[in-house]
Every structure is written in structure tokens, then in C-alpha cells.
Amino acid sequence: MLRFIAIRLGRAMITIALVVTFAFIVLRLSGDPAQIILGPEAPPEAVAAFRKAWGLDDPLWLQYFHYFGAIIQGELGRSMRDGRAAIELVAERIPVTLALTLPALAIKIGLGIPAGIYAALHRGSLADRVVMMLSVAGFTIPSFVLGLTLVLIFAVKLGWLPSGGQDSWRHAILPVLTLGIGGAAVLARFTRSAMLEVLGQPFIRTASAKGVPWRDVIVGHALPNAAIPTVTIVGFMIGTLIAGAVVVESVFSWPGVGRLLVVAVANRDLAVVQCILLLVAATMVTSNLIVDFLYGFLDPRLRQNPGKAS
Amino acid sequence: MSEPYQTPARTAELSLSKLTVSFDGVTVLHGVDLSVGKGEALGLVGESGSGKSVTWLAALGLLPGKAKITGSARLDGMELIGAKPETLDTVRGGRVAMIFQDPTSALNPVLKVGRQIGEALALHRGLSGAAIRAEAKRLFDLVGIPDAERRLSAYPHEFSGGQNQRVMIAMALAGAPDILVADEPTTALDVTIQAQILDLINTVRREMGMALVLISHDLGVIAETCDRVAVMYAGRIVEEAPASALFAAPHHPYARGLLHSLPPLGGERRKLVSIPGVVPDPRALPHGCAFAPRCPQVSEACLSAPPALRGVGDARRLACVLEARTVPLRAFEAA
């Protein structure tokens with residue numbers, strides 16, 4: 001078990017290192033932060049001073065070396081824009097983003113999983129077809145289209161809700177719905193197919209054949225098995241809690257991590273971008289770890305010895 | 001084996017009449033009439049797709065919702081076809097238990113076997129808590145699973161196929177049923193294990209005075225175990241007789257073909273014969289007897305309508321226009 005955890009953690013570290021490296025290369029090769037932050041009309045001396053101050057004149061490999069060394073020591077750098085610690089800038093945005101993504105996750109799970117189960121149990125019925133149709137729509141409509149449509153209906157036409165900003169809880173409703181509906185559609189689809197797969201298994205017939213009432217067959221026999229693939233998707237959604245709302249935050253002018261990322265990328269504010277990416281990679285890796293442990297909890301075949309299970 | 005089981009003094013007789021099943025408009029079972037007496041061992045033979053399993057799944061309401069079922073299945077006079085789910089839930093496992101072909105996939109992979117057995121004990125015997133554990137352990141001992149106490153906490157993937165079938169049998173016995181329907185119980189198992197499982201089924205049947213319906217395409221298995229045998233072909237029973245009579249002198253050309261495709265145990269060695277052709281597609285059954293296209297003795301009379309199952313002699317029923325005439329083996333060889 002200890003070896004299993006060690007391997008997983010080692011792999012997680014490598015993943016994070018790759019993400020950090022990739023971001024460094026892309027951001028550094030795609031534009032000069034000095035020019036972008038100081039503006040095209042900045043005097044050359046100012047640009048030179050900026051470059052010197054941030055070490056932008058060093059060879060790229062040396063910059064990378066310094067940067068990577070700092071990260072290993074837990075030093076994530078400062079924003080080139082206002083000199084504040086990047087981690088501080090990002091940290092103050094996290095709760096703002098979670099205020100959208102956590103309620104949205106609740107909607108995804110609370111709406112998507114029951115809808116998927118219902119559709120599977122009433123396969124081919126009108127309800128099933130409606131759920132599947134909505135699910136395809138939720139699956140394929142980009143979140144900015146859905147967001148703008150909701151704004152058009154509830155803010156512009158009906159005037160019930162504000163179209164953007166972060167002044168009150170009412171401002172959160174539309175972005176939360178935008179995030180939640182799309183995710184619920186995805187989850188409904190996966191849950192439905194996981195359920196259908198399980199309902200076709202021989203052990204479901206065995207349970208019925210020994211006299212277990214149908215409701216208990218579903219709850220006691222089918223759901224615990226269907227939970228295994230469904231957990232994968234939920235885990236992925238947990239991984240997007242921090243930075244999964246980039247588009248929606250932009251549409252609704254919600255000052256969360258996603259908006260910060262967009263601004264930082266536009267400014268080539270490397271330390272901030274890196275800090276966010278590191279955070280995203282870390283949440284993704286953590287949620288994957290959680291999913292792996294949940295697998296072991298849900299599926300005894302994977303439990304005792306991950307190497308031995310057939 | 002531990003002490004004998006207390007058999008409830010119930011007499012069960014399950015009789016099917018005109019049982020018909022169709023899926024999406026395709027009829028796969030064409031009016032089956034069959035009954036199982038108390039404590040009797042009935043064998044059901046036929047090729048895959050002949051309707052052996054569907055017959056019993058239909059009787060117990062275990063077919064998917066799209067299956068259309070007509071006819072009747074009466075258990076002690078109680079109609080099962082179209083019965084309320086609550087009624088069926090007490091019958092299934094409690095009066096009629098079923099075990100299946102592939103025991104490992106027939107058990108829930110994420111539940112401990114002790115819990116899966118306990119479920120039946122709680123449902124049909126009203127046990128709870130420690131009583132469930134004790135009774136489950138007794139059943140494990142009964143079906144010959146060593147180290148019962150500990151093994152109750154194991155999962156199906158920790159057992160071999162043969163052991164899982166023992167678990168299935170223990171689970172079937174948990175409700176103290178009057179009838180055990182064993183659907184190809186040994187097909188997925190190693191040959192050496194097959195004999196053990198058959199012995200086990202026979203032993204518990206005798207001890208509990210349970211009736212047995214043994215579904216198999218293995219004539220050897222049927223011959224060893226059953227009092228009476230029904231032969232199915234393309235969704236119909238074509239011959240039914242006491243096992244000894246059927247194996248000594250099969251009347252229906254299909255039954256003869258089945259028997260002749262087995263090597264004789266004693267006497268002279270002979271060439272094995274096969275039945276030419278394949279089982280017809282249920283969507284395109286011949287107009288008359290479904291076996292006619294493969295039958296060495298086909299005549300004009302076979303082609304108009306499927307022959308009805310009628311009594312022949314004392315205890316035999318036959319669905320063939322021929323009257324108990326022997327079919328020479330050569331007829332199959334030549335075809």
C-alpha cells in the first residue's frame with residue numbers, strides 16, 4: 001500500500017514538473033513581458049531596466065533553472081505587474097471562484113446523477129429521450145453560448161437577475177447555472193450508460209431470482225457497481241473546481257481565478273500564470289488520487305493488491 | 001455434510017401451460033406445456049437457443065420488460081404470469097430458486113458473499129443479525145466450502161468458479177425452496193468440478209426433498225440426475241418421457257439424433273453421427289415442424305403445420321407425425 005502511494009505521488013510530481021516546464025516555454029516564447037506590461041510606447045531605458053530587474057536578459061535555460069529552483073524551494077515569484085507575491089494574488093481569488101464552482105458541482109451531482117439513473121431505469125421512455133436530448137444539448141453547447149443565452153433571457157428580457165459582477169449572491173445565480181447545467185448533462189449521460197451496463201449483468205438477474213424487490217436490486221446491487229465509472233467523472237469535475245470557470249468568469253465578469261489567469265496570460269505575467277497552473281495541476285492530481293482511493297473503496301477487486309487483481 | 005435440513009412439509013407443483021414468449025414480435029417460445037412434481041428431477045435438454053432457459057425465466061418473471069409473455073405458470077394453483085411484483089418476490093428464492101451458468105458473473109462483485117446469502121435469509125426466513133451469520137455458515141458447511149466462517153467475508157473474485165457455484169447453491173438453498181431450477185450449472189466449470197457440483201446438487205436435493213429442474217445441453221449430466229426428461233427444439237417441447245425410457249428408446253428424430261451423437265458407454269464402438277444443418281432462426285421458422293429441414297424422415301405431413309405434443313404410450317409425449325418408429329442411424333450418416 002505504501003509503495004502504491006509512493007508511486008502515485010512520484011507520478012504526480014512528474015506531471016506537475018512537466019506542466020510547469022511547458023507553461024514556462026510557451027509563455028516565454030510567445031512574447032516579451034517587458035514590452036507588454038510597459039506598453040509599446042515605453043522608453044527603451046525603462047524596458048531595459050525592467051528586463052534587468054526581472055532577469056529577462058539571462059539565457060532562457062538559466063531563467064528556467066532559477067525559476068524551477070525557486071519553485072522547489074516553495075518560492076513562486078512575484079507578479080511583474082504590481083510586485084505582489086503571485087501566491088497572494090491567486091489565493092485571494094480562490095474563494096471567489098469556489099463560490100461559483102462548489103454550488104455548480106452540487107448541481108452537477110444533484111441533477112446529473114439522478115437524471116442519469118432515472119433515464120437508465122426508464123430506457124426508451126419519453127423521459128429517457130428528453131433527458132438524453134437535454135444532455136446532448138448540454139454536452140455540445142459551449143458555456144459562453146449558454147451563459148449569454150441565460151443572460152439574454154433572465155437579465156435582458158425578464159430583468160430578474162444581474163448580467164455580471166460580484167456584488168451579491170444574486171449575481172452568482174446565472175454563472176452557477178451555466179456551469180452546473182453543462183456538467184449535469186455530462187454526468188447524466190455517463191451515469192445512464194454506467195447504469196445500463198450494470199443492469200445487463202447476470203448478477204442483477206441473480207438478485208431478482210432470489211426475491212430481492214426491484215427497488216432494492218437497484219439500490220443495493222446496481223448502484224454500488226455503477227458508482228465505479230461515475231466516480232471517475234465526478235473526480236474529474238472536482239479537479240476543475242479551481243480553474244474550470246475561466247470562460248464563465250469572463251462572460252459574467254466574475255473576479256475569480258479564471259479571470260486572473262486570462263489577464264495574467266495577456267500580460268505574460270509569468271509568475272502568476274505559473275502559480276495558477278501549478279495550483280490547477282495540483283488539484284487535478286489530488287482529485288485523481290482521491291478517485292484512485294475511492295476505486296479501492298468501491299471495488300473490492302482492486303483493493304487488496306493492485307498488482308494482483310485480475 | 002452437517003445435520004439434515006428441516007424440510008418444510010409443502011408440496012409444490014409448478015405447471016406451465018401454453019407458455020409463449022416473444023421479443024419484439026419474434027416468438028421464441030411456442031406454447032410450452034410442462035410440469036414439475038414435488039421432489040421430482042426434471043431434465044430439459046436442447047441446443048442453445050431452443051428456449052430451455054427462457055421457459056423458466058418467463059415463469060418467474062425474470063425476462064426483461066420488452067418480453068411479451070402469454071399462457072400460464074401455476075405454482076400450487078397460484079398464477080405467476082402477470083402476478084404482482086410482491087407476489088413474485090416471495091416466490092423467487094422462497095419457493096423456486098435458480099442457479100445459473102456462469103457463477104462468477106452471477107454473483108455481485110462488490111458485495112461479500114456472506115451478505116449476498118444473508119439477503120436471501122432475511123427475505124425468506126426472516127432472520128437478522130447473528131442468526132443470519134450462523135445460518136449462512138451452516139449453508140456454507142452444507143455446500144462444502146471449507147473455512148466457512150472466514151470465507152463468508154470474502155468477495156466472489158476470491159473464489160474459484162466451482163466454489164462460486166457452491167456459493168450460488170448455498171444462496172439458492174437459503175430460502176428453503178421447493179424447486180431448484182439449475183440453468184446449465186456445470187457448463188462453465190472444469191470437467192472434474194462438474195461432477196462435484198452435480199453430486200452436490202443431487203445430495204442437497206435428496207436431503208431437502210426439493211424438486212429439481214436441470215437445464216442442460218449435456219445429455220450425460222441429465223441421464224445421471226433426472227427422473228424425467230423433456231427435449232426442446234426451436235421453442236417447443238418435442239418429446240418428454242421418463243429418463244430411462246427416453247434414453248433407451250428416443251422417439252423423436254431430433255432426440256434420436258442427440259443421443260446418437262454421443263459415444264455409447266458400453267458395447268461396440270461405432271462412428272459418432274451428427275445432426276446435419278443448424279437450428280432455425282426464430283424469425284424464419286419453417287411453416288411445419290421446425291425440425292423438418294434437418295430430419296432424415298421428413299415427409300409431406302411434416303410441412304403443413306407443427307405437430308402437436310400428444311401422449312404416446314404410458315408416460316411419453318411426442319410431437320412428431322411418426323408413430324414411434326425407429327430411425328436408422330444410417331439416415332443421419334447419409335445426410
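These are my notebook entries on a predicted model with chains A and B.

**Ground rules.** I number residues from 1 along each chain as its sequence is written, and chains are lettered from A and ligands numbered from 1 in the order in which they are written. Since the model is predicted, local features need pLDDT of at least 70 and side-chain atom pairs count only at pLDDT 80 or more, while totals for chains, interfaces and linings use all residues.

**Chain contact.** I looked up where the chains meet. I found 20 residues of chain A in contact with 26 residues of chain B (contact: C-beta atoms, placed from the backbone, within 7 Å). On the chain A side, α9 (202-209) and α10 (214-239) each give two or more residues (helices are DSSP runs of H or I, at least four residues; strands are E, at least two; numbering starts at the N terminus). α9(A) gives the most, with seven residues.

**Strands of chain B.** I checked β1 (14-23) next. Eight bridges join β1(B) to β2 (26-36) of chain B, and the two run antiparallel (pairing takes at least two DSSP bridges). B:Thr20 has B:His30 as its bridge partner in β2(B). Two residues lie between the strands of this hairpin, and B:Asp24 takes a positive phi near 50 degrees. β1(B) also pairs with β4 (67-75) of chain B, antiparallel, over eight bridges. There B:Leu16 stands opposite B:Ala73.

**Core.** I looked up the largest nonpolar core and found 165 residues (buried Ala, Val, Leu, Ile, Met, Phe, Trp, Tyr and Cys joined through C-beta atoms within 7 Å; buried means 20 or more other C-beta atoms within 10 Å of the residue's own). Helix α8 (170-199) of chain A gives the most to this core, with 14 residues. B:Ala170 and B:Val213 have the most contacts inside the core. I listed what B:Val213 touches beyond four places in sequence; among them are B:Val36, B:Trp56 and B:Ile179.

Note on methods. Two residues are in contact if their C-beta atoms, placed from the backbone, lie within 7 Å. A residue is buried if 20 or more other C-beta atoms lie within 10 Å of its own, exposed if 12 or fewer, and partly exposed in between; C-beta atoms are placed from the backbone.
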